[in-house]
Amino acid sequence: MAILEILTLPEPALKQESSPVTEFDDALRAFIADLEETRVNGPAAVGIAAPQVGYFKRVVVLDCSTTRKPVPNHGRLVLVNPEITHWEGYEPGREGCLSVPDYTGNVIRATRIHLVAQDPYGERLEFDMEGYEARAAQHEIDHLDGILFVDRVVSRRTDLFKRKVYQKGGGKAS
Amino acid sequence: MTDQWHMLTLIGEDKPGIVAAVTQALFDLGLNLGETSMLRLGGNFTIMMMVTGSHPDGFLEDRLKPVIEAQGMCMHIDPIQARLHQHLVPNIQVTVSGADRAGIVAQVTGALAAAGFNILDLESDVAGTANRPVYIMQIAGVADAPVESIEDALEPLRRDGVDVNVSAIETYIG
């Protein structure tokens with residue numbers, strides 16, 4: 001086991017798309033153990049995605065069971081080739097990132113998702129997630145697509161404005 | 001002359017190109033920017049920014065003045081004790097809305113201060129219509145006290161007809 005080096009902005013590789021895992025072998029599982037050790041080593045990291053340590057395969061680890069106030073969660077999850085198949089609702093919430101030290105911002109994410117993935121042995125997994133855990137999955141899957149949360153940050157003012165327009169129905173944002 | 005941070009405050013009627021003109025002038029003078037806030041308030045454009053550079057006293061003001069005046073803006077400069085990377089992460093947010101009347105901000109923030117709540121960011125706006133103005137305020141801050149005690153502190157406002165919501169901010173780090 002080893003703690004891996006975390007890539008941080010402006011490292012261009014963080015913008016790279018990761019490829020699906022095809023070999024569910026011991027090497028994959030050894031990497032996942034290192035990835036998890038790196039996650040828990042990071043300050044307050046709830047999730048981590050493989051490309052954050054320079055491994056450009058579709059693997060993420062997240063664990064929403066340790067929040068200050070308990071939130072609905074499925075415990076520690078290792079998700080290989082995760083894919084969101086359904087989104088519902090949206091809400092802003094604050095995010096930060098191991099790859100973007102000393103910065104947090106508000107991001108709008110779907111409030112409920114359905115997610116399919118594989119475990120480290122290639123077995124199919126399926127979850128309905130909500131709230132904080134749904135946010136975690138969306139943040140980590142973004143990493144697999146080369147998207148950082150800073151690409152999605154909104155101001156609270158922007159968020160209010162969007163809602164006002166939306167509620168009027170059919171108004172166009174200028 | 002060591003590099004000294006200054007807080008540069010600029011205010012003027014909003015129009016396209018202000019930020020470009022000002023920041024180009026700062027760049028041309030060899031100054032660097034730190035954290036900034038730029039916002040349209042009531043038809044004015046307001047800028048507060050940390051700027052630094054190794055120049056003698058008065059240099060900044062003398063050189064910037066023509067540029068700022070050409071933009072029809074007022075300028076104010078203060079030397080400040082400042083460092084970057086001093087961010088605090090908010091853990092509680094308070095949203096307030098209610099019929100606009102004098103004293104809402106003072107009452108809410110007074111109650112928050114008494115509860116030991118440190119405001120990091122406050123945005124407020126008057127929405128609704130000219131006949132029925134609605135005051136909307138969003139506050140993010142840090143407090144050691146739990147959400148419940150902040151709620152209790154704001155309870156008198158609720159009885160006064162102000163809609164106050166307090167929630168914990170669980171920042172997702174991944």
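In chain B, strand β6 (residues 118-128) and β7(B) pair in the antiparallel sense over ten bridges. Strands here are DSSP runs of E of at least two residues, helices are runs of H or I of at least four, and both are numbered from the N terminus. Two strands count as paired if DSSP finds at least two bridges between them.

This is a predicted model, in which local features need pLDDT of at least 70, side-chain atom pairs count only at pLDDT 80 or more, and totals for chains, interfaces and linings use all residues. Residues are numbered from 1 along each chain as its sequence is written, while chains are lettered from A and ligands numbered from 1 in the order in which they are written.

**Strands of chain B**

Four residues form the hairpin that joins β6(B) to β7(B). Within this pair, B:Asp121 has B:Ala140 of β7(B) as its bridge partner. Strand β7 (residues 133-142) is also joined by eight bridges to β5 (residues 92-99) of chain B, and these two run antiparallel. There, B:Ser97 is bridged to B:Ile136 in β7(B).

A domain assignment (bounds from an automatic or database source) divides chain B into domain 1 (4-79) and domain 2 (92-168). The C-alpha centres of the two domains lie 31 Å apart.

Chain A has three helices and eight strands. Along the sequence they follow the pattern α-β-β-β-β-β-β-β-α-β-α. An open sheet of four strands, with mixed pairing, has the order β8(A)-β5(A)-β4(A)-β9(B). Because β8 (153-154) of chain A and β9 of chain B each have a single partner strand, they stand at the edges, and one side of each is left without a neighbour in the sheet. Two of the pairings in this sheet are set out below.

| Pair | Sense | Bridges | Bridge partners |
|---|---|---|---|
| β4(A) and β9(B) | parallel | two | A:Glu95 and B:Tyr172 |

Strands of a sheet pair through backbone hydrogen bonds, either parallel or antiparallel.

The contact between the chains takes 24 residues from chain A and twelve from chain B. Two residues are in contact if their C-beta atoms, placed from the backbone, lie within 7 Å. On the chain B side, five residues are nonpolar, five are polar and two are charged. In this division Ala, Val, Leu, Ile, Met, Phe, Trp, Tyr, Cys and Pro count as nonpolar, Asp, Glu, Lys and Arg as charged, and the others, Gly among them, as polar.

**The cores**

A residue is buried if 20 or more other C-beta atoms lie within 10 Å of its own, exposed if 12 or fewer, and partly exposed in between, with C-beta atoms placed from the backbone. Buried residues make up 34% of the 174 residues in chain A. A nonpolar core is a set of buried Ala, Val, Leu, Ile, Met, Phe, Trp, Tyr and Cys residues joined through C-beta atoms within 7 Å.

The largest such core has 35 residues, of which A:Leu35, A:Val60, A:Leu62 and A:Ala137 touch the most other members. Elements that each supply at least two of its residues include α1 (26-41) and α2 (131-144) of chain A and β9 (172-173) of chain B. The largest share, six residues, comes from α2(A). Beyond its neighbours within four places in sequence, A:Leu35 is in contact with residues including A:Leu4, A:Ile48 and A:Val61. A second, separate core of 16 residues includes B:Ile92, B:Val94, B:Ala140 and B:Ala143.

**Confidence**

Chain A averages a pLDDT (the predictor's confidence in each residue, from 0 to 100) of 90, and 89% of the residues score at least 70. Over residues 160-174 of chain A the pLDDT is below 50. Where pLDDT is low, the predicted coordinates should not be read in detail.
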